[in-house]
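Please open the structure in your viewer and keep the selection panel at hand.

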Amino acid sequence: MNVSRRQFLVTSAAAGGGLALGLHVPFSAEAKAAAATEVNLWVAIRPDDTCVIRIARAEMGQGTLTGLAQLVAEELECDWSKVTTEGVTPGRNLAAKRAWGEMGTGGSRGIRTSHEYVRQGGAAARIMLLQAAADEWKVPVSELTVEKGVITHAASKKKTTYGKVAAKAAKLSPPDVKTIQLKDPKSWKVAGQGLNRIDTRDKLDGSKVYSIDVKLPGMLNAAIKQCPVFGGKLVSYDAVAIAAKPGVKGVVKVDDSTVAVVADTWWHAKKALDALPITWDEGPNAKVNSASIAAHLKSGIDAEKAFVGWKEGDAAKTLAASAKRVEAVYGTPFLAHSTMEPMNCTAKVSAEGVDIWVPTQNAEASLAAASSASGLPLEKCEVHRTDLGCGFGRRGGNQDYTRQAVLIAKQFPGVPVKLIWSREEDTTHDFYRPISQCKLAAGLDENGNLTALHVRVSGQSINAWVNPNFDPEGKDQRQLQGIWQAAGDAQFGYTVPNLLVEYAMRNTHVPVGPWRGVNTNQNGVYTECFMDEVAKAAGKDPLEFRRALMSKHPKHLAVLNAAAEKAGWGTPLPPGVHRGIAQFMGYGSYSAAVAEVSVSPAGELKIHRMVLALNCGHAVNPAQIAAQVEGSVAYGLSATLYGENTVENGRIVEDNFHTYPILKLAQMPKVETVIVPTYDFWGGVGEPTICVVAPSVLNAIHAATGKPVRQLPLKNQKLV
Amino acid sequence: MAKLNINGKVQEVKVEDDTPLLWALREQVGLTGTKYGCGVAQCGSCSVHINGEVRRSCVTTVGSLAPTDKIVTIEGLSKGATHAVQKAWAEVDVPQCGYCQSGQIMAASALLAKNAKPTDADIDAAMTNICRCGTYQRIRKAIHRAAEIAAAPKAKAKEGAKA
């Protein structure tokens, strides 16, 4: 790997002065670690005792960087005030035979699937640093103590620091992982604390460089247009018509359905692209609209048979014989992710190799995309990671924007090209949260006990989008996430003697993908809102009705109780204010929420307060967990109140924030977070609380108006 | 070609008059702290101050500005992130991904410049920027805290005068 690939000169702006200076921005781990001694994969130490902790996962706002650093620092016994971090690149990980493990950051896995090996990394470094001091002083290592990176030998009153012994420690053999004893979380001093994030400073003055801000010498910019109808083709475009526009360097066919204008600046590229005459072949999908999709989904609701995800007893027979029967059909729409930083990627392609700068949740998938689009082997490609301006699942496995940037840059060999999607392109060419409907039926006995439950989800499958040959019979448990029998990840929290959970796969031409919380969000709405309908039919309090079904699910129940207790369930509220409750499980964590809302006589909704409870097993940083819960409420409420992408003539109608609104500060309710960790498992944090937001609010509305709301978003519903 | 007064310095910017200030700042001047989010004045990621007023630079053309119009971007708000809003943002640990925060900080600082002690309703009305991470609860808290921080030296000065 040549030096220019490792250490890119990046022109950045001097703060305030506006002078373009040549600054060295250390995108690659090697560049930053130059002055530090690598003790092991996870820890490098500078002579001034700064501990550089390596982070393989992506930081997109969720705080995983701070949490992972806390876990390493806890075992390392270093001085937290001297901790800094650096990202591992996928090229480096590949060259080291994936020594840093998985880099993909989705499914709330950042901490829960790497806590063990990162802590072992911190502990191994500590053991080596102590051994180096012991060797130097010729004393048994057992006589040494360490606190905040200062090693002490009490008997001889000798002291040294990690910075001073790092070089010697680096030459020692690492300890056998099997001999490493990790700390009991009860004795944590750095982990487990609600510390502020360690990556805030450059977010305060505009100096943080996101991928969209990357500037390279001689860089060109590209704006892109994809066929508005998914599956349509690019027929022709008139490059001559815009050739004389300011700054235009060329018009590029990117692939069968995509054209790009390349110019000196992005603004020039965008303006010229808007003026470019383009002919599309929209294909047969241009006939599809939201009504035809809804009818397609309804066929899955009405179909005689569907994939059986879970069966207990005989739901159909019991329903037929039940004293009281409750039925409802719910629905949720397609939803765009709308990351604040739009899709973008900067690529430089030459025969020597490919360099890309990209906001990615899966740097290894970006590397693979760069390799396949360029035709160069993986070893000749490198991904320069930046932190992301939001991720939400959009930038994981789907590396469409990375592939496009490489395909464009390939046509300008040796010249870096930055591709930025306009917000319109970003909103209309997403991998949307899958649309679905759900029919539910419940049977009650004479005493109002739930004896049978039938859940039929009909909708689009993410797995089938990713792999069209996925399963022709539609056996897709993932679309039933949260209504699973299996314990541990997304288990249904109720015991129903006669239960039938089914999924009817009904795919469309609209691309779908994981959307923060994935299918727990929709399934949480379906089952938890229906549970309130059934409780009402049984004449029971929604909390008491749930509790009676949860004795075999003590962790679900404990979290539900924690939310209810904090919210004061059953205590009087101001006139006109009503409560709603919900619980659900996803990403290995248990969540519950209580919402307090009022609905005015004119049907105006006000959400006053939300209490959320979460058991994520281990609470590595309670303050950051609370931040994620607050953010989850905002994310969940945007979807509840406004979120909807509709289809007309085969294309997505909503294209920017005026038609796809996002919650604003004035609508944000007061959020109270109750963290009830049991320290006997590791669950996720970034996603699991979103799925209880919508159902708790809808249940509160139901309590307020006496009318269930069964279709989202609320902007389309008359509440009174 | 336009003459713009950016962060206290008048400079020539080589762009057409219809270029949005956002793109002139980002691509010509090299100030990338001001962010593109929507291009249609919906999200506020591009917020800057023009003559002390918060403005959305994505719909403010360079041609509409005179060299006497004082433009302040996030980079020019203070030296070393020492503005009361920036201090409060750090203390309250507001940012998550951080992408919208330049705009949020510019909107909050413009609010406080006019209203030293805003109420929750004032904050609701003034803070219309989108944060997709959902940091709103902390933004509200940090604006109240920034008001306290900004008032603190004055309060001390008053005490000093009394003594």
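The domain bounds used in this tour come from an automatic or database domain assignment. The model is predicted, so that local features need pLDDT of at least 70 and side-chain atom pairs count only at pLDDT 80 or more, while totals for chains, interfaces and linings use all residues. Residues are numbered from 1 along each chain as its sequence is written, and chains are lettered from A and ligands numbered from 1 in the order in which they are written.

**Stop 1: the domains of chain A**

Select chain A and colour its parts: domain 1 (36-203), domain 2 (211-283 + 343-420) and domain 3 (290-335 + 432-716). The centres of domain 1 and domain 3 of chain A, taken over C-alpha atoms, are separated by 40 Å. Between these two domains, 20 residues of domain 1 of chain A are in contact with 20 residues of domain 3 of chain A; two residues are in contact if their C-beta atoms, placed from the backbone, lie within 7 Å. On the side of domain 1 of chain A that touches domain 3 of chain A, the largest share, four residues, comes from helix 3 (residues 64-76) of chain A. Helices (H or I, at least four residues) and strands (E, at least two) are DSSP runs, numbered from the N terminus. That side of domain 1 of chain A has five nonpolar, twelve polar and three charged residues. Here Ala, Val, Leu, Ile, Met, Phe, Trp, Tyr, Cys and Pro count as nonpolar, Asp, Glu, Lys and Arg as charged, and the others, Gly among them, as polar.

**Stop 2: two helices of chain A**

Next, select helix 5 (residues 115-137) and helix 6 (residues 162-170) of chain A. At what angle do helix 5 and helix 6 of chain A pack? The angle is about 90 degrees, and the axes are 8 Å apart. Axes are lines fitted to C-alpha atoms, for helices over the stretch in contact, and angles run from 0 to 180 degrees between N-to-C directions. Helix 5 and helix 6 of chain A are therefore roughly perpendicular to each other (angles of 65 to 115 degrees count as such). Show the side chains of the contact, among them A:M128 and A:L129 of helix 5 and A:Y162 and A:V165 of helix 6. The residues of this contact divide into eight nonpolar, one polar and three charged.

**Stop 3: chain B**

Now select chain B, which has five helices and five strands. Their order from the N terminus is β-β-α-β-β-β-α-α-α-α. Of the 163 residues in chain B, 60% are buried (20 or more other C-beta atoms within 10 Å of the residue's own, with C-beta atoms placed from the backbone).

Colour domain 1 (2-76) and domain 2 (84-158) of chain B. Their centres, taken over C-alpha atoms, are separated by 22 Å. The contact takes 15 residues from domain 1 of chain B and twelve residues from domain 2 of chain B. Strand 3 (47-50) and strand 4 (53-56) of chain B each give two or more residues to the domain 1 side; strand 3 of chain B provides the largest share, three residues.

**Stop 4: where the chains meet**

Finally, display both chains. Their contact takes 50 residues from chain A and 54 residues from chain B. On the chain A side, helix 17 (622-641) is one of the elements that supply at least two residues, and helix 17 of chain A gives the largest share, seven residues. The chain A side divides into 24 nonpolar, 16 polar and ten charged residues.

Terms used: Buried ≥ 20, exposed ≤ 12 C-beta atoms within 10 Å, placed from the backbone. Parallel < 35°, antiparallel > 145°, perpendicular 65-115°, else oblique.
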